[in-house]
Amino acid sequence: MPSANEEPARAASLRYVIIGAGMAGLLAGIKLKARGETDFVIYEKGDRVGGTWRENRYPGLACDTPAHSYTYSFAPNPDWGAYYAPGPEIQRYFGAMSDRYALGDHIVFNTEIASCRYIDGRWRIDTTDGCKDIADVVVAATGVLHHPNIPEIPGLADFKGRWLHSARWPEGLSVEGLRIGVIGNGSTGVQIVSALARKVERLVHFQRSPQWIMPCPDIQYTSEEKRAFRDDPARIEEVRNGPEAAARRARFTSAIIDIDSPELAEIQKIVEDNLENSVRDPALREKLRPNYRAACKRLIFAAHYYKAAQAPNVYVEASGIEQVEAGGVRAEDGTLHPLDVIVLATGFRVDQFVRPMVVTGHNGADLEALWRIHPRAYYAVTIPEFPNFFLLNGPTGPVGNFSLIDIAEKQWSYIEQLIEEVRVRRSVGVAPTLRALETYEAQRTEAAKRTVFASGCKSWYLDAEGAPQVWPWSYAHFVEAMSKPQVEDYEFFGN
Ligand code: NA7
């Protein structure tokens with residue numbers, strides 16, 4: 001890192017700063033190395049790689065995308081232990097990737113970026129501890145589900161037990177034999193309840209709105225299966241892109257973009273049958289039945305949740321939370337649930353993309369101002385007036401039950417092509433025109449109104465005004481859009 005006040009001369013090759021050493025930041029580093037680029041640094045505010053998989057350590061953590069799909073395309077892993085890999089195994093995979101591609105020398109840990117300012121054709125980077133760096137290209141790989149959402153529940157501060165957010169599960173905390181309250185029933189809450197039901201004395205699952213649960217196989221790979229994956233990589237490819245995977249992807253996209261599609265009707269039937277066939281008590285079944293369409297919120301894949309919810313020591317509290325008291329949580333119907341630990345599985349502040357980092361673009365353009373209503377990026381990757389500032393898994397990208405690794409890889413190939421254009425044109429930077437962003441946003445917003453996400457539920461896909469902030473078109477359209485940038489929608493900045 002150049003020391004303070006030292007201004008390195010512009011080199012013939014580009015200098016890259018990548019922010020975040022999670023899945024996407026590591027990907028950028030690996031890809032840069034593959035191109036022979038050596039002048040890059042990855043800043044990571046944590047002390048290890050892994051991003052969301054480093055931060056989340058709660059019991060039951062797993063990825064809801066099949067493991068072989070949630071894997072870099074160039075680094076298959078025949079040793080995945082299960083069809084849906086548990087979090088710690090995914091974390092080990094990213095650690096192994098960092099080692100395999102020798103990224104260690106490029107990563108600066110325990111360093112948070114405070115600001116990126118574009119001055120005289122280069123990015124000036126300041127860290128929160130006062131160090132400076134300079135880059136030609138910045139890649140913000142800062143994650144989507146990053147800032148915990150800690151709701152203001154009355155009385156939480158008076159609780160005499162322990163409370164924590166799911167993404168801040170203390171290392172080594174065991175709750176076995178205790179009375180636990182889990183607030184929230186997104187993927188996280190459902191995974192925690194599924195994992196803990198049998199281990200705790202009592203578990204109360206506070207459900208504000210019911211969730212549709214997609215049944216999924218609980219497949220643990222045997223050593224024979226792992227050997228078969230190793231001996232015949234076509235088997236891995238089969239899981240990733242074989243007919244079943246392609247059909248699943250097509251079914252999801254059709255369902256997402258067309259609420260009248262037979263595919264959505266099919267998904268609806270699967271989740272309704274799952275509820276019907278899995279929950280015996282009619283009263284509990286009705287409590288767990290959502291009043292909105294399947295896939296309106298991100299579908300939850302869970303093999304054991306309904307079983308857990310019916311365990312004798314588990315109670316699903318659907319009457320709402322009145323307040324937290326010293327000894328537990330009082331529901332709106334007056335019941336006090338005595339608890340030792342409260343887990344807030346209450347999700348993340350998705351609107352906080354990239355922030356609190358301050359980003360100032362060309363001519364002092366302020367990201368905070370541009371994103372005042374909600375984060376916006378042209379095709380989820382680039383921002384007008386922010387030359388060579390690229391986002392991986394940025395706002396309005398595809399999120400609906402796809403592999404975010406696959407999404408990031410395709411975004412990276414788009415970014416590489418833009419950088420190549422910069423080189424070929426001998427310019428110093430590239431950013432989309434404001435008009436291109438506005439056209440994209442107008443089309444996207446219009447299409448988003450017709451998606452299942454806008455069909456009558458609340459979720460992290462929606463902004464404060466209830467508009468979906470995600471990719472509203474098909475997966476095929478995304479692949480096509482990322483295959484080649486429309487350079488006419490871009491402005492190239494000179495020296
Ligand atoms: P989610 O999916 O955003 O779920 C958050 C849950 O927390 C959801 O059930 C919310 O209820 C609930 N919630 C949030 N605030 C409150 C308050 N104030 N009171 C009660 N309940 C509340 O986050 P997850 O961590 O589960 O999953 C995020 C993603 O990670 C997931 O989609 C996968 O991609 C992996 P609501 O439904 O809003 O009524």
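This is a predicted model: local features need pLDDT of at least 70, side-chain atom pairs count only at pLDDT 80 or more; totals for chains, interfaces and linings use all residues.
Let me begin at the ligand: a backbone N or O atom of S187 lies 3.2 Å from one of the ligand's oxygen atoms. I call this a polar contact, that is, a pair of N or O atoms within 3.5 Å; within protein, one must be able to donate a hydrogen and the other to accept it, and residues adjacent in sequence count only if both atoms are side-chain atoms.

Residues are numbered from 1 along each chain as its sequence is written, and side-chain values use heavy atoms, with hydrogens and water left out.

For K297, a side-chain N or O atom is 2.6 Å from a ligand oxygen; for R298, a polar side-chain atom lies 2.9 Å from a ligand oxygen. On its own the ligand has 770 Å² of accessible area, of which the protein covers 82% (Shrake-Rupley method, 1.4 Å probe; for residues, only the protein chains shown count as cover).

Which residues are closest to the ligand? They are N185, T188, R208, S209 and K297, out of 18 that surround it, where near means that a heavy atom of the residue lies within 4 Å. This shell comprises six nonpolar, nine polar and three charged residues. Here Ala, Val, Leu, Ile, Met, Phe, Trp, Tyr, Cys and Pro count as nonpolar, Asp, Glu, Lys and Arg as charged, and the others, Gly among them, as polar.

I turn now to the aromatic rings. The whole structure holds 27 aromatic pairs (Phe, Tyr and the six-membered ring of Trp, centres within 6.5 Å; planes under 30 degrees apart are stacked, over 60 edge-to-face, the rest tilted). One of them joins Y84 and F301, tilted, at 6.2 Å centre to centre and 50 degrees between the planes. Y84 sits in the loop between α2 (52-55) and α3 (87-100) and F301 in strand β12 (residues 300-301), so this pair ties together parts 217 residues apart in sequence. Helices (H or I, at least four residues) and strands (E, at least two) are DSSP runs, numbered from the N terminus.

Is F301 buried or exposed? F301 is buried, at a relative accessible area of 15%; buried means under 20%, exposed over 50%, and partly exposed in between, with a 1.4 Å probe and protein chains only.

Elsewhere, ring pairs link W53, Y70, Y72, F74, W80, Y93, F94 and Y101 into a cluster.
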